Amino acid sequence: MGDFSLELNEDQTQIQKWVHDFAEHTVRPVAAEWDEREATPWPVIEEAAQCGLYSLDFIANAWADPTGLMLPITMEEMSWGDAGICLAIFGTTLGVVGIYANGTPEQVMEWVPQCFGTPEKIQLAAFAVSEPDAGSDVSSLRTRAVYDAATDEWVLNGTKTWITNGGIADIHVVVASVDPSLGSRGQASFVVPPKTAGLAQGQKFKKMGIRASHTAEVVLTDVRVPGRCLLGGKEKLDERLARVREGRSSGRSQAAMATFEASRPTVGAQALGIARAAYEFSLDYAKERKQFGRAIIENQAIAFKLADMKMRIDASRLLVWRAAWMGRTGKTFESGEGSMSKLFAGETAVWVTEQAIQILGGYGYTRDYPVERWHRDSKIYTIFEGTSEIQRLIIARNISGVHIK
Ligand SMILES: Cc1cc2nc3c(=O)[nH]c(=O)nc-3n(C[C@H](O)[C@H](O)[C@H](O)COP(=O)(O)OP(=O)(O)OC[C@H]3O[C@@H](n4cnc5c(N)ncnc54)[C@H](O)[C@@H]3O)c2cc1C
């Protein structure tokens, strides 16, 4: 007893500093430029690969941290540098999580290294679930996967939308329906290997924020992948579908839910990084900027804003760390603690960045200062990886045991 501590250990402090240095010296100076260009920041990804930040090794070590905090710490620092570039570098982990969550150990060994490639030949991964008519409601996916026993191949057809790294990734993990009559319980995940015929990028979206991160449609037209690309394997899928058809539990939705809950704090940590950036910037500004013969921070109206910003940021971090620790140590998310962390950190980032604009006044509204960009960037955190409404649904269902709609 007596060993509870919120102090980071030596390893964590070192990594935090290392990632922060990268964010400060390599990411932040080019953040505005890549936001304007709205293109994938390959030179930054290359630097991240060269120093080992963009690598399987780094991610595997961060994951292995027994406290669960290494990944959120990394995300907070990177996103403090720039959330769009952070996603351009770490969007690959969405695909990696998709493979880990459903793949056999052999499939993990085969595909996960290919998600990263090498510093000489960088590869990216994408995780494609959302469709034009299936966003929050993932049970209604239309993308179909049909098994061709003659060739032991799966044939995928459909259109995915809003996919981070969609079309530019080397590995696409695609969720498709094998038996549409079973809703989400009739779905399975497939790896589409590099250069597979029939997979094409559709439109690339022009976004409000995180513009250095590539978001596009992925069109699948008679995409044939070998049988071994079905994550988890056919035997397991057939067993699962049989169980569902007999009216027994698939056992899968619970596992999938646990995976999502465990990865949500990582997303919350990105929002946290943006909020902290905006808070630090506006605190400095408020001490410098003089009106009526005094620094604007001497007015309670401004100082209290900053007090609330700092408090909500710290509260976000505590929720993020708690959920990350729970995920890593196998605790049950009884009240949707993963959802809480992403929801609270996302909404805090939107609120804090708006306050930051207010503190900077007219300057805050211009592109000469970064706070307007941070506000634009923050908004995605109430939308992707489950909207704020969906997070509230998860929490409400968990705490009540009632199937709230
Ligand atoms: C930049 C970006 C990157 C993305 N990256 C990926 C990716 O890599 N892979 C991927 O698969 N997807 C990705 N997405 C998709 C993202 O996850 C979806 O946009 C999100 O799940 C919401 O779906 P939707 O946009 O269709 O909104 P909808 O589901 O149509 O929701 C519209 C509104 O209705 C609300 N709503 C819906 N259902 C309910 C309900 N039952 N109760 C209360 N309110 C409800 C929502 O909260 C929202 O406010 C990305 C999206 C963006 C914008």
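**A tour of ring contacts and the nonpolar core**

Select Arg28 and Trp80 to begin: the charged end of Arg28 is placed over the Trp80 ring, 3.6 Å from its centre. The model on display is predicted. Next, select Arg312 together with Trp351, where the charged end of the arginine again sits over the ring, 3.6 Å from its centre.

Turn now to the aromatic pairs, of which the structure holds 11. Display Phe281 and Tyr369: their ring centres are 6.2 Å apart and their planes stand at 80°, so this pair is edge-to-face, the class for planes over 60 degrees apart. Colouring by secondary structure places Phe281 in helix 9, while Tyr369 belongs to the loop between helix 11 (337–364) and helix 12 (371–378); the pair therefore ties together parts that are 88 residues apart in sequence. With a surface shown, Phe281 is partly exposed, at a relative accessible area of 26%. Tyr369 also counts as partly exposed, at 26% relative accessibility.

Select Tyr54, Met78, Ile89, Phe90, Ile99 and Phe190, the residues with the most contacts inside the largest nonpolar core, which has 99 residues. Helix 9 (residues 252–288) supplies the largest share of this core, 12 residues. Finally, centre the view on Ile89. Which residues does Ile89 touch, not counting those up to four places away in sequence? The contacts are Phe22, Val44, Ile45, Ala48, Tyr54 and Met78.

Note on methods:
Residues are numbered from 1 along each chain as its sequence is written. This is a predicted model: local features need pLDDT of at least 70, side-chain atom pairs count only at pLDDT 80 or more; totals for chains, interfaces and linings use all residues. Side-chain values use heavy atoms; hydrogens and water are left out. A nonpolar core is a set of buried Ala, Val, Leu, Ile, Met, Phe, Trp, Tyr and Cys residues joined through side-chain atoms within 4.5 Å. Buried means under 20% relative accessible area, exposed over 50%, partly exposed in between (1.4 Å probe, protein chains only). Helices (H or I, at least four residues) and strands (E, at least two) are DSSP runs, numbered from the N terminus. Contact means heavy atoms within 4.5 Å. Rings of Phe, Tyr and Trp (its six-membered ring) pair if their centres lie within 6.5 Å; planes under 30 degrees apart count as stacked, over 60 as edge-to-face and the rest as tilted. A charge sits over a ring if NZ of Lys or CZ of Arg is within 6 Å of the ring centre and within 35 degrees of the ring normal.
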